[in-house]
Amino acid sequence: MKTIPLLVGSAATVALALGLGRGPLLAAEGAGAAKGPVILPPAVLALPVEQAVLTAPPKVPPPITRKHAARVVVHLEVREFVARLADGVDYSFWTYGGTVPGLFIRIREGDVVEFHLENHPSSKVPHNIDLHAVTGAGGGAAATFTAPGHASQFTFKALNAGLYVYHCATAPVPMHIANGMYGLILVEPKEGLPPVDREYYVMQGEFYTTGKFGEEGLQAFDLAKSIDERPPYVLFNGAVGSLVGDKAITAKVGEKVRLYFGVGGPNITSSFHVIGEIFDRVWPEGGTRFVQENVQTTMVPAGGSAIVDFKVDVPGTYILVDHSLSRAFNKGALGMLKVDGPENRVIYSGKEIDAVYLGAQADAGSEAARREAALQVRIAAEIKANPVIAGLTKEAQIEKGKQVYMGLCFACHQADGNGLPNVFPPLAQADYMLADRERAIRTVLKGMTGKVTVNGKTYDSMMPPQEAALSDAQVADVLTYVFNSWGNTGDAFTAAQVKNVRNEAR
Ligand SMILES: [Cu+2]
């Protein structure tokens, strides 16, 4: 720790030691008594006052050009809301400033920061903030404990330069972080950082949903999975695809790119890697010294960060991954950097030779072919796994199935699926039907006779077989409709499943 020339002890200690109120401060209920604003010595009061520029990911505030300290005012508002986690999947996020990760804060070593944490009135729970850039107990956590509809203020001096994680530290802490409450604060060293052409903000964090990866609908936080550290989602910037396609980060050939990379966690570390690039310089763990050059993969701890610089030499799409690759390919930890510009085939040729056998002299070409093949497999898997496409397929099946139903089943089971008393059993929330999907297929194909009890009522009648009238696809469609109507819910049926039953030995 460095000594502070202007204040005695750390800023936080002084803030706590001085009990003199000066101006209004909204005290959060349950947060303990507010001490009142710190009395700043004249030398600090003489510093110019600045409003911090905060940016949403992947943007980074502009480099700080001033050569002196300032009093920097930061306002960060906590908001809770439901938003997209993946296509067809929603999640109830808790955020700093409306984004996951939270807004990027950029200050300079030696700055005195007046920090305001506001918790929106629509929030359901209190929050606070622990900034790893703060020297003082809790990193600001106790000082910023803030109930919904309240605001807290505290002051700290940025003694140490570096790239720091901030996060919520309200109990249960892993839940607050898992809901998206983390971000980065860069304390630029006094001498600044080496200039680059582009800077981006990427942060990894995992999400513990009750449903599996891609399972549709609003997903709740799963405490048991978080305790076991088994997240269905490991993501960059808070959503599947947040850095993909037209949301990819970009650069031009010849430019120097810097990534400010952090891991919010709450639990999982990152083996951060950019496929097809080599980091020219790495500032590991967010410290102020680049201790390594020419790095393929850098390890970033939970609650930690790294700064990586690299020059982009050839055009193409570079894939950002956690090189614990199941996270990239199955849990979402994947982003893209798109680089435009002229090719340089000496540095990277692209596919040179396309032949059945690639000799040793064509290693570069074979490497490209292998990558292309891997990407094709991935594209096919992504399309198949894409919940939007799966969802649309099911929607279409339901619409087709409704037409079959209205042409055929409706006459007996009725449009509302309730059947007719003593004659036709109901299909709406029918315990018998919903209990056995394969039997339902068999009933439609082969018909049914004899006694059957549905929802406690017994029917003894006859349903004619439909196997001559309906194709496998039509049976799949009509059952998908029946299993998703009148309060029923179920997966889509496939033609292959129907075919299996149709081919059963009698
Ligand atoms: Cu919180």
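**Figure 1. The lining of the largest cavity has seven nonpolar, three polar and no charged residues.** The model shown here, as in the other figures, is predicted. The residues that line this largest cavity are Gly-162, Leu-163, Leu-186, Val-187, Pro-189, Leu-193, Trp-283, Gly-287, Thr-288 and Ile-307. Two elements, strand S8 (162–167) and strand S9 (182–188), each give two or more residues to the lining. The volume of the largest cavity is about 40 Å³. The count of cavities of 30 Å³ or more comes to one.

**Figure 2. Four residues form a nonpolar patch on the surface.** The patch consists of Leu-375, Ile-379, Ile-383 and Ile-389, and together they have about 320 Å² of accessible area. Helix H6, which covers residues 363–385, gives the most to this patch, with three residues. Ile-379 has its place in helix H6. The relative accessible area of Ile-379 is 45%, so this residue counts as partly exposed.

**Figure 3. Arg-66 and Asp-111 form a salt bridge.** Their closest N and O atoms are 2.8 Å apart. Arg-66 sits in the loop between strand S1 (49–51) and strand S2 (71–86), while Asp-111 sits in the loop between strand S4 (105–108) and strand S5 (112–119). The pair links distant parts of the chain, 45 residues apart. Both Arg-66 and Asp-111 are buried. In the whole structure, a search finds 16 salt bridges.

**Figure 4. A salt bridge joins the side chains of Glu-255 and Arg-198.** The N to O distance is 2.6 Å. Glu-255 is in the loop between strand S13 (249–252) and strand S14 (256–265), and Arg-198 is in strand S10 (residues 198–207). These distant parts of the chain are 57 residues apart. Glu-255 counts as buried because its relative accessibility is 17%, and buried means under 20%.

**Figure 5. The side chains of Glu-467 and Lys-446 meet in a salt bridge.** Here the distance from N to O is 3.6 Å. Glu-467 is partly exposed, with a relative accessible area of 22%. Lys-446 is also partly exposed, at 23%.

**Figure 6. Salt bridges link five residues in a network.** The residues in the network are Arg-106, Glu-188, Glu-199, Arg-258 and Asp-309.

Key. Residues numbered from 1 in each chain as written. Predicted model: local features only at pLDDT ≥ 70, side-chain atom pairs only at ≥ 80, totals over all residues. Heavy atoms only, no water. 1 Å grid on protein atoms, 1.4 Å probe; cavity = no way out; pocket = protein on both sides within 12 Å on 5 of 7 lines; lining within 4 Å. Points joined across faces, edges and corners; volume = space filled by probe spheres on them. Helix = DSSP H or I, 4+ residues; strand = E, 2+ residues; numbered from the N terminus. Nonpolar A, V, L, I, M, F, W, Y, C, P; charged D, E, K, R; others polar. Patch = residues over 30% accessible without salt bridge, like charges linked within 9 Å, V, L, I, M, F, W, Y side chains within 5 Å. Areas by Shrake-Rupley, 256 points an atom, 1.4 Å probe, with all protein chains shown as cover. Buried < 20%, exposed > 50% of the residue type's maximum accessible area, 1.4 Å probe, protein only.
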